[in-house]
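Biologist: Hey, could you walk me through this one? Here it comes.

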Amino acid sequence: MWKLRTRTKSSGINAEYGGGNRLRVHLSIDVGEHANDYKQIQAKEKLSELQLRVRQLLEQVEQITKEQNYQRTREERFRYTSETTNTRVLWWAVAQTSILLLVGAWQMRHLKGFFEAKKLV
């Protein structure tokens, strides 16, 4: 049995091979404010508590802005998809109605000719 473990600041991969055909892989990814170790940043850059808190808040605002932009983009894409789908449904309904009317007119003409040929009308 062997184990592979790598851990960085923002992600971790654990793989364990237990013999036979079994391999278990666990992937852990930290994103956003959880990816940063603020105590280590504070010690490395010699920041005061207030400076560190301001930095955390700025990063949170940046993450919120990114999330809002992502949601806006998703909404635009969804709206475009919905509008194109609605347009296609409308044209499909118009095409079906047109075909139905054309087939009905053709049947009426054909039946009229048939009954006139048989001298039933």
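**Layout and helix α1**

Modeller: Going along the sequence, you get the pattern β-β-β-α-α. Helices (H or I, at least four residues) and strands (E, at least two) are DSSP runs, numbered from the N terminus. This is a predicted model: local features need pLDDT of at least 70, side-chain atom pairs count only at pLDDT 80 or more, and totals for chains, interfaces and linings use all residues. Residues are numbered from 1 along each chain as its sequence is written, and side-chain values use heavy atoms, with hydrogens and water left out.

Biologist: Ok, which residues are buried in α1?

Modeller: Tyr38, Ile41 and Gln42, in a helix that covers residues 38-45. Buried means under 20% relative accessible area, exposed over 50%, partly exposed in between (1.4 Å probe, protein chains only).

Biologist: Why are they on the same side of α1?

Modeller: Because they cover an arc of only 100 degrees around the axis, going by the directions from the helix axis to the C-beta atoms. An α-helix has 3.6 residues a turn, so residues three or four places apart point the same way.

Biologist: And what's on the face turned away from the buried side?

Modeller: Lys39, Gln40, Ala43 and Lys44, which are exposed.

Biologist: What covers the buried residues of α1?

Modeller: The cover includes α2, residues 49-117.

Biologist: What follows α1?

Modeller: Lys46, with a positive phi near 55 degrees.

Biologist: New topic: how much of the protein is buried?

Modeller: Buried residues are 8% of the 121 residues.

Notes
Contact = heavy atoms within 4.5 Å.
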